Amino acid sequence: MLLAYRTALASPRIRAAAIESTEFPTLADAMDVWAVPRIVVNGVPQWDGAVPERVFLDRVLAPGFE
Amino acid sequence: MAIFRSDEEAKVRELFAALERPVELVVAHGPEETPLPGARDIDFGAETQRIAEELAALGDAVTVRVEDEPADAGIRFERYPAVAVLPAGEDVGIRYYGLPWGYELASLVGAVLEAGRRTSSLAAESLDRLAGLDRDLAIDVFVTPT
């Protein structure tokens, strides 16, 4: 979670939100949340679990998140 | 009930005392999704506000503002309850949606600590890569309190 917050602090083009799954079950279902943390970028589910900083950036900066 | 054990509270006070710039927590109330069975006795909005206020009480640099009409607050919220974490009064898009309880309290404390830094804790290489970002990204991290 903190990596996402750090990227939002570092870039004006990024916003980062933690979403408590059990409190928003409809949205969590729509995002197929089975395991946490589940990372969703621009409304598209991406991966589950914590990853190192470099890998996190590799993934969120990958082409395709228009 | 206090949100921290006394030893944890002392540690958080120490960390908040070292903040390099002010951090504002904006608690937003609005229509909430129907909670799951078994959670109906919890007032998520009230508890979220209580946690934010108790956090703000642990450091002079941390303040809290409550918005009952968030549409007028000039800060966009997508669901409620919500907490926006504003470094030096600026909205940079940091949100916590839901009640930050249990394990996730650490995420909110972490957000305050990160927002209170004048320099990023990311690696220089990461900052270079982010500087080249040419599109908007909305990163949502789904979490649970346990």
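Glu78(B) forms a salt bridge with Arg15(A), with 3.2 Å between the closest N and O atoms. A salt bridge here is a side-chain nitrogen of Lys or Arg within 4 Å of a carboxyl oxygen of Asp or Glu. The model is predicted, so local features need pLDDT of at least 70 and side-chain atom pairs pLDDT 80 or more, whereas totals for chains, interfaces and linings use all residues. Residues are numbered from 1 along each chain as its sequence is written, chains are lettered from A and ligands numbered from 1 in the order in which they are written, and side-chain values use heavy atoms, with hydrogens and water left out.

Over all chains, the count comes to 19 salt bridges. The pair of Glu78(B) and Arg15(A) crosses between chains. Glu78(B) lies in the loop between strand S2 (62-67) and strand S3 (82-87) of chain B. Arg15(A) lies in strand S1 (residues 14-20) of chain A. Helices (H or I, at least four residues) and strands (E, at least two) are DSSP runs, numbered from the N terminus. Glu78(B) is partly exposed, at 31% relative accessibility. Arg15(A) is also partly exposed, at 23%. Buried means under 20% relative accessible area and exposed over 50%, with partly exposed in between (1.4 Å probe, protein chains only). Both residues belong to a network of salt bridges that also links Arg76(B), Arg79(B) and Asp140(B).

Between chain B and chain A there are five salt bridges. Side chains of opposite charge can pair when their charged atoms come close. Asp58(A) and Arg129(B) meet through their side chains in a salt bridge (2.8 Å, N to O). This pair, too, crosses between chains. Asp58(A) sits in helix H3 (residues 53-60) of chain A, and Arg129(B) in helix H4 of chain B. Asp58(A) has a relative accessible area of 33% and is partly exposed. Arg129(B) is partly exposed at 28%.

The wider interface was then examined. Contact (heavy atoms within 4.5 Å) takes 45 residues from chain B and 47 residues from chain A. The two chains bury about 4600 Å² between them, 59% of it on carbon and sulfur atoms. Buried area is the accessible area (1.4 Å probe) that two parts lose on being put together, summed over both. In chain B, the most area is lost to chain A by Arg135(B), Ile139(B) and Phe142(B), together 19% of what that side buries.

Polar contacts join 31 residue pairs between chain B and chain A, both residues being at pLDDT 80 or more. Such a contact is a pair of N or O atoms within 3.5 Å; within protein, one must be able to donate a hydrogen and the other to accept it, and residues adjacent in sequence count only if both atoms are side-chain atoms. On the side of chain B that touches chain A, at least two residues each come from strand S4 (94-97), helix H3 (105-115), helix H4 (124-131) and strand S5 (137-143). S5(B) gives the most, with seven residues.

Four bridges join S5(B) to strand S2 (residues 38-41) of chain A, and the strands run antiparallel. Strands pair if DSSP finds at least two bridges between them. Val41(A) stands opposite Ile139(B) in S5(B).

Within chain B, Glu47(B) and Arg50(B) form a salt bridge through their side chains (3.2 Å, N to O). Both lie in helix H2 (residues 44-56), three residues apart, about one turn of the helix. Glu47(B) is partly exposed at 26% relative accessibility, and Arg50(B) is partly exposed at 24%.
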